[in-house]
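User: Please take one part of this model and look at it closely, then go on to what can be said of the rest. Give the cut-off for each term you use.

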Amino acid sequence: MENTATLKRKKYFDFTLLFIVLFLLGFGLVMVYSTSSYVASVSSGDDFAFFKAQLRSIIVGLFVMLLAYLFPYKYYKKFAPFILLASFIIVPLVLTPLGGAEGETINGARRWIFLFGFSIQPAEIVKIAIIIYSAALLSKMTMKERQSLRGTAFILGPAGILFLMLLFITTNLSSAIIVFGIAYVLLVIASKKNIYAYMLLIGVAIVGVLGVIMIAKGIGSSIWGFRGERILAWLNPEAYADGKGFQVLQSLYSIGSGGIFGKGLGKSMQKLGFLPYAQNDMIFAIICEELGLFGGLAVIFMFVLLLFRLRDIVYYTTDLFGSLLVCGVFAHIAIQVVLNVAVVTNTIPNTGISLPFISYGGSSVIFLLAEIGIVMNVASNIDFATPNVNYQETIDEETE
Amino acid sequence: MAKEKRRRKLTVRSQAKIVSNRLGVVFLIVLLAFVGLSARLIYITKENNNDYQHKILSQQAYDSQVINAKRGEIIDRNGTVLATSKESYNVILDVKNLLLHDENEGNTDGTEHTLAALKNVFGVDTEKIREYIKDTPKSQYYQVKKGVSFEEMSRFLMYTTKPENEEDNDTLYDKNVNSVWFEKYYVRFYPQNTLACDTIGFSLNNGTASYGLEEYYNDLLTGVNGRKYGFLGDNSTQEITTIPATDGYKLVTTIDSNISLMVKKHLKDFMFEYKDNVREGFGANNVGCIIMNAKTGEILAMESYPDFDLNDPTDISEYYSEEEINTMKDDGTLKDAYDALWKNFCIQDTYEPGSVMKPFTVAMGLETGTIKGNEGYQCNGYLTIGGHEIYCHNRAGDGWLDIKGAVAQSCNVALMYMSRQIGAENFLKYQEVFNFGLRTNIDLTGETRTDSVVFNENTLHETELATASFGQGFNVTMIQMITGYAALVNGGYYYEPHVVNRILTSGGSVVKNIEPRVVKQVVSETTSAKIREYCNAVVTEGTGWRAKPAGYAVGGKTGTAETVPRGNGEYVVSFMCHAPADDPEIICYVVVDRPNVAVQEDAKYATIISHEILTDVLPYLNIPMTEDLTEQDIAALEERELSILTNRTEKEDPDADSEENGEGENENNGDSNND
């Protein structure tokens, strides 16, 4: 016991995780400058405009990360219901004057709230909130409860409501999917065998496939609206080259033209106004164009390393709430990276989704770094003397 | 208690273990997804590398901006501009930028002030623009107005240009006006409107042109468009490179617009004087006139009527009623009407030359030695050839004529005798020497080929030879006739006719000087002198007496040729003349196609026009008078001057440069014509 106490006093710091995140941020900054300098110099005369904004966000984000690292994560458990409540309130705020006056929306969508001169995406707050809420609730439940319909409903219910709110209030499908995906993954991870979750997955898959088939065959096109056209553009981007297929087609051009080692850093031609949102959602396409297949795969490899590191922390974390928090962050990053690369390569229909740590976007970077801070705090409590790996030992103690 | 706590902890711990294991499974799934996406990346790169590279490059090229080259000017020999390219601008509104400006400012002043300024300067409908802004807020290219002038643009730019002097109150500057730019292009402009329209031709946009100089010299006039494009520099910055446009070359023509104006005036006068005389329509189907420098082949004027405004070539309302135009549109003959109007009568229409051929026939005889020059012929009004009685135009007979008399009286019988002496072989040889059946290679588009409408050994029989001697049975163009006649009277030198003297760069340095080019000597100096003598007699004692301008001795030859089909009284009458008589400086050739009179067989319609033209042109060219003026002459000249003066004073703006304003003067003179 004495041994354990001394170990606890000496906190663990995960330098590997920090290094990977800093590397991704730095690489992201370089790519943001590369992709945005032309557009920035044309529109504002300052080719560093996007770079500077992103650098500011990163500095703020690193500070937030430090705070989150120092803040004991166990307290989140107590506040979890309030955090969820707050996220229910904050999403509709985009409709109030806080979301900007009529006609002052950015890119025509109401996705931001403006507070003290900052613009924040509520969707990013909701992502953290759902991680904390789901982790807290699941860690309180017994295994039986988690696998029950009631337990499933308590997790997926709020997530479903948030999904609908994000979809209909902010018209932000991708964030809605991420939020629901996080809750779903946490539920599945925390339960040994949740029949309801599996049924839901199968149901969604069947509806999805049927929907795509119907849209492709042109059945009930009036119901689908512009999302229907998005599916059609996905199936045949060349046919919709002037409309919905334009962005993804340009993205494919970028990737295809890069070759194995790319055109060289800064030498993308697609970023000169051809590929919309080159510094945001489509930054991976420009990475592939400039750094080639090699660069693209290297970025994917860095994310694999990051996820592996998170998995490792879970591996050594003995506290259920802590490991579920890390799992939530894992789910968030994994879903976002997979969806982003899938969109850019036209593997799934186009939906605006950014690449974590690399894409331009203040809210996203700040809240992701906050999540990393929480992960670091969880990791700092790792007790290497009694890792849960040593299953045999635990069993022994239990049978004692 | 401790045990309970421990148990609890263990439960949690074992659950954490479950989480850890299941996360491992999720991690594997994610890994699989990454492997799948990587495979897709590899596939995209491998399958489409070259293809997509080309696509990207082609998009880039599409994005680059063309800088329009300015089409070269065409000026006359004195520097008067015949054709030029005026800058014109399209007003473009960048809606996206406009809204971005408003967003940054936090108000809508930018949009409001910009729209107000646009309305103020260009008088555009702001509601339409507002609607466009609302519908397409991301558009960066909206054409507010097309083709505004430089002055209008400058007026708008006063809104956006900051005055140097801050206290300057007399300024329109408004910092809220933004996001408007101007796209420059060129519009072809012909300041002389109808002047030499057939000869100049027209260009509706740079690169394509129809008829005349514009088409013939299109490649030189067009220039090379420049290009502005962006590329990535070493510092991964966007760099703009501009390849400037090379403006087209400038043509200095041999045309003298003053002479052209005089010619046009008299042609038009004739057309209106005989308008609706015996049939509906102008004084003739067509009337054309070429004035050529006898010693260089330079064209000083090449005019015909009906004409058209080069600035609006498709406007034919002057000649056709709206109904007629609609009918033509329906039955597809509108194109034919345009062709008829736009083509150059002087080089594209063929006709039988008639008696103007006679000096050529005489020259053949003199050159080949088949005629000595001292022959005499008896004309009884007709000659029987091959069983046909071929009449002289004077059926009573001209009596005994020497060669000079035969030409002066335009006796067909005498010429038929001569053609017998010359023979078919010589005739065919000299037909080619005088370039009949061949193009003159004048530097204008559309000169007609005449090789199939002249004689060859199979078609030139006894009768044909006889009639060919006075210019019937074969066809020529005006330019062939005048070029050949110039050679006959200038000492025998056949100059290639040309309209362009010099080709200059847009900056004015000489690219090419076009020197007069002697193609061949068609007759000897002595023959030429004799022909001059005979032709001078035409004016002094023969059929061309009406053409003589006061104070000048000129020579020439009349022509009347019955059109095909024969016998319906339709004639092409013409007069070819050289001035001064002994040392020709210019040749003037007037052709009237089917004059609107009861008896068309009279060359006076051409000789009178020639007289009018020569009376104006010779003094203008500073050719000294050689003859004494009779009292009649002086009276006529004074009256003429008076009519010009009254015309001038009648004008609303007497200071206006009347030489430049061709149409105005023509109309005035036409109205007050009391000849």
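Analyst: Tyr382(B) has Tyr391(B), in strand 16 of chain B, as its bridge partner. Strands here are DSSP runs of E with at least two residues, helices are runs of H or I with at least four, and both are numbered from the N terminus. The model is predicted: local features need pLDDT of at least 70 and side-chain atom pairs count only at pLDDT 80 or more, while totals for chains, interfaces and linings use all residues. Residues are numbered from 1 along each chain as its sequence is written, and chains are lettered from A and ligands numbered from 1 in the order in which they are written.

The bridge belongs to an antiparallel pairing of strand 15 (residues 382-385) and strand 16 (residues 388-391) of chain B, which runs over four bridges. Two strands count as paired if DSSP finds at least two bridges between them. Two residues lie between the strands of this hairpin, and Gly386(B) has a positive phi near 55° there.

Elsewhere in chain B, five strands make an open, antiparallel sheet in the order 12-11-25-24-23. Its edges are strand 12 (299-305) and strand 23 (555-562) of chain B, each of which pairs on one side only. From one strand to the next the twist averages 10°; axes are lines fitted to C-alpha atoms, for helices over the stretch in contact, and angles between N-to-C directions run from 0 to 180 degrees. Six bridges join strand 11 (residues 284-293) to strand 12 of chain B in the antiparallel sense, with Met292(B) opposite Ile299(B). Helix 18 (residues 525-541) of chain B packs on the sheet and touches strand 23 and strand 24 (571-579) of chain B; the direction of helix 18 makes about 75° with that of strand 23. Contact means that the C-beta atoms of two residues, placed from the backbone, lie within 7 Å.

Two helices of chain B also pack together. The axes of helix 9 (residues 257-273) and helix 19 (residues 604-620) of chain B come within 9 Å and cross at roughly 160°.

Asn205(B) lies in strand 6 (residues 202-205) of chain B. Asn205(B) counts as exposed because it has 12 C-beta neighbours inside 10 Å; 12 or fewer is exposed, 20 or more is buried, and in between is partly exposed, with C-beta atoms placed from the backbone. Val187(B), 18 residues away in sequence, is 7.1 Å from Asn205(B), C-alpha to C-alpha.

Chain A has 16 helices and two strands, and 50% of its 400 residues are buried. The contact between the chains takes 54 residues from chain A and 41 from chain B. Helix 13 of chain A gives the largest share of the chain A side, 10 residues.
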